[in-house]
Amino acid sequence: MTHPQKTINAVVIYHSGYGHTERMAASVAKGANATLIAIDPEGHITQDDWETLNNADVILFGSPTYMGGPSWQFKKFADASSKPWFEGKWVNKIFGGFTNSASINGDKLNTLAYFFLLAGQHGGIWVNMDIKSANTKASLRDDLNRMGSNIGPMAQTPADASPDEMSPGDLETARRYGARVAAIAAQFHPVSA
């Protein structure tokens, strides 16, 4: 007999400079059935957004990778998260994260590591990828997990490509990751009898 699971309250908090990370955030949110919160160009979110994060079961971080790490707007949000950190509001939440850059490598791993450490500082539980890398000669640009990431989804979009030109494989990887994070979170939140 299967037991019903609690509906998971997931939130994707992200900054997007040119629309690519926003498109990726929408894919992650679709998979996780999550609320989207955009960090504005000045690095701010509303007080209602902070309450939404505090009440979430799942928090997924997203930022483009600029100069080897997340955008300054995301870092400003991260620094401001010291208030919920001080109050222990995000302890034992389920976390994940994703990023995009123009270069194949683009030092995206540093951005995901930043998110992982931020989740760890909050006492959170990180969910990794479960999609094997597309790493054979037959692999194509639109394959799942073509960047070969294990920590979280990485996308690559050429600097002169619009958000509409993003790899469908990168976006599907992001959607599947969102679904995985929500499914893992459901294991931690069974319905009480």
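Colleague: Does Ser63 count as buried or exposed?
Modeller: The model is a predicted one, where local features require pLDDT of at least 70 and side-chain atom pairs are counted only at pLDDT 80 or more, whereas totals for chains, interfaces and linings use all residues. Residues are numbered from 1 along each chain as its sequence is written, and side-chain values rest on heavy atoms, with hydrogens and water left out. A residue is buried under 20% relative accessible area, exposed over 50% and partly exposed in between (1.4 Å probe, protein chains only). Because its relative accessibility is 0%, Ser63 counts as buried.

Colleague: In which strand is Ser63 found?
Modeller: Helices (H or I, at least four residues) and strands (E, at least two) are DSSP runs, numbered from the N terminus. By that numbering, Ser63 belongs to strand β3.

Colleague: Which residue of β5 is the bridge partner of Ser63?
Modeller: Two strands pair if DSSP finds at least two bridges between them. β3 and β5 run parallel and are joined by seven bridges. Within this pairing, Ser63 has as its partner in β5 the residue Thr99.

Colleague: Which residues does Ser71 touch, not counting residues up to four places away in sequence?
Modeller: Contact means heavy atoms within 4.5 Å. Ser71 lies in the loop between β4 (69-70) and α3 (72-80), and because its relative accessibility is 1%, it counts as buried. Ser63 has Ser71 among its contacts, along with others including Phe74 and Phe98. Beyond residues up to four places away in sequence, Ser71 touches His15, Ser63, Pro64 and Tyr66.

Colleague: How many Å apart in space are Ser71 and Tyr114, C-alpha to C-alpha?
Modeller: In sequence, Ser71 and Tyr114 are separated by 43 residues. In space, their C-alpha to C-alpha distance is 11 Å.

Colleague: What is the handedness of the β-α-β crossover from β5 to β6?
Modeller: β5 pairs in the parallel sense with strand β6 (residues 125-126) over two bridges, and Ile94 stands opposite Ile125 in β6. Between β5 and β6 the chain passes through helix α5 (residues 108-121). A crossover is called right-handed if, with the strands pointing away from the viewer, the path from the first strand over the helix to the second runs clockwise. The crossover from β5 to β6 is right-handed.

Colleague: Which residue of β7 is the bridge partner of Thr99?
Modeller: β5 and β7 run parallel, joined by three bridges. In β7, Thr99 is partnered by Met154.

Colleague: How many Å apart are the end C-alpha atoms of helix α1?
Modeller: The expected span of a helix is 1.5 Å times one less than its number of residues. Helix α1 (residues 20-32) has 13 residues and should therefore span 18 Å. The model agrees with this, since the end C-alpha atoms are separated by 19 Å.

Colleague: Which elements are included in what covers the buried residues of α1?
Modeller: The buried residues of α1 include His20, Thr21, Met24 and Val28. What covers the buried residues includes β1 (10-14), β2 (35-38), β3 (58-66), β5 (94-101), β7 (154-156) and α6 (168-188).

Colleague: Which residue of β2 is the bridge partner of Val11?
Modeller: β1, α1 and β2 form a right-handed β-α-β unit. β1 and β2 pair in the parallel sense over four bridges. Within β2, the partner of Val11 is Thr35.

Colleague: What is the relative accessible area of Asn33?
Modeller: Asn33 lies in the loop between α1 and β2. Its phi is near 55°, a positive value in a residue other than glycine. Asn33 is exposed because its relative accessible area is 65%.

Colleague: What is the relative accessible area of Met67?
Modeller: Met67 lies in the loop between β3 and β4, and its phi, near 50°, is a positive value in a residue other than glycine. Met67 counts as exposed because its relative accessible area is 86%.
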